[in-house]
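Hi,

Here is the structure I promised to pass on. Have a look at it first, and then read on for what turned up.

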Amino acid sequence: MTEKKDKKETRRKKTTRSISRRQQVQHQKIIIGCIAAALIVLFSTLFFLPRLTAGKAKGTLTGVNEDVLQYQSRMEAWCREYDISQYSTLLLAMMQQESSGQGTDVMQCSESPFNTMYSNEPGSIADADYSIQVGVQTFAYCLELAGCSSISDTDRLKLAIQEYNFGNHYAEWALESYGGYSAENAAEYSEMMKAQLGWASYGDPEYVDHVLQYISF
């Protein structure tokens with residue numbers, strides 16, 4: 001009788017230990033699952049959210065006419081193509097300054113080396129959509145030269161904007177000579193290029209202010 005009780009007690013203890021182990025395993029699985037979920041949320045916040053935010057156009061246009069606004073969807077499309085979507089509103093402000101949306105070379109970028117369909121002479125681009133494409137591609141390059149990776153980086157952004165107007169690696173010169181853009185060194189560069197080329201004028205040294213009057217951040 002005692003032997004039966006002992007066996008029964010042994011089975012009971014084994015069953016209790018087995019249940020306890022299952023409960024521990026289940027508890028560990030819950031903890032691991034919670035940690036995994038928290039890591040996923042953290043990763044999503046740190047990795048994906050900034051990219052989603054960066055993909056949205058920034059800024060509000062001011063005083064931009066309907067001739068420019070008609071190109072908004074095409075501007076956004078080309079900005080997505082060249083991975084600079086956050087600058088699409090700014091580029092519309094630049095179009096306002098460049099052409100007010102008039103003519104076929106709306107971004108005034110015929111002289112850009114990225115224009116491979118038309119001659120590299122002022123106003124040669126005869127397709128507004130192609131002008132937007134070349135303008136966007138050119139500005140993406142300007143951002144690269146300026147080291148600007150965010151529209152919130154005001155100093156580097158101004159450098160890229162002035163580079164779009166001047167070309168000839170103004171951004172590299174400004175960074176090497178002064179550490180970045182200033183209205184004063186833009187004027188100096190304009191004078192320097194006028195002297196080198198023997199021209200009466202070179203670009204618009206106040207281009208940054210002229211563009212930014214059409215957009216607020």
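A term to start with: a polar contact is a pair of N or O atoms within 3.5 Å, where, within protein, one must be able to donate a hydrogen and the other to accept it, and residues adjacent in sequence count only if both atoms are side-chain atoms. This is a predicted model, in which local features need pLDDT of at least 70 and side-chain atom pairs count only at pLDDT 80 or more, while totals for chains, interfaces and linings use all residues. Residues are numbered from 1 along each chain as its sequence is written, and side-chain values use heavy atoms, with hydrogens and water left out.

Now for S131. The side chains of S131 and D105 make a polar contact at 2.7 Å. S131 belongs to helix α5 (helices are DSSP runs of H or I, at least four residues, numbered from the N terminus). With a relative accessible area of 0%, S131 is buried (buried means under 20%, exposed over 50%, partly exposed in between, with a 1.4 Å probe and protein chains only). Setting aside neighbours within four places in sequence, S131 is in contact with T104, D105, V106, M107, Q108, C109 and I125; contact means heavy atoms within 4.5 Å.

Next, the core. The largest nonpolar core has 51 residues, and Y87, L90, L91, M107 and F139 have the most contacts inside it. Such a core is a set of buried Ala, Val, Leu, Ile, Met, Phe, Trp, Tyr and Cys residues joined through side-chain atoms within 4.5 Å. Helix α5 gives this core its largest share, 11 residues. Beyond its neighbours within four places in sequence, L91 touches M75, C79, I84, M107, G135, V136 and F139, among the contacts found.

S88 sits in helix α4, which covers residues 88-98. S88 is buried too, at 3% relative accessibility. Away from its neighbours within four places in sequence, S88 has contacts with A57, M75, E76 and C79.

A187, in helix α8, is partly exposed at 33% relative accessibility. Between A187 and Y202 there are 9.6 Å in space, C-alpha to C-alpha, and the two are 15 residues apart in sequence.

That is what I have for you. Happy exploring!

How values were computed: Helices (H or I, at least four residues) and strands (E, at least two) are DSSP runs, numbered from the N terminus.
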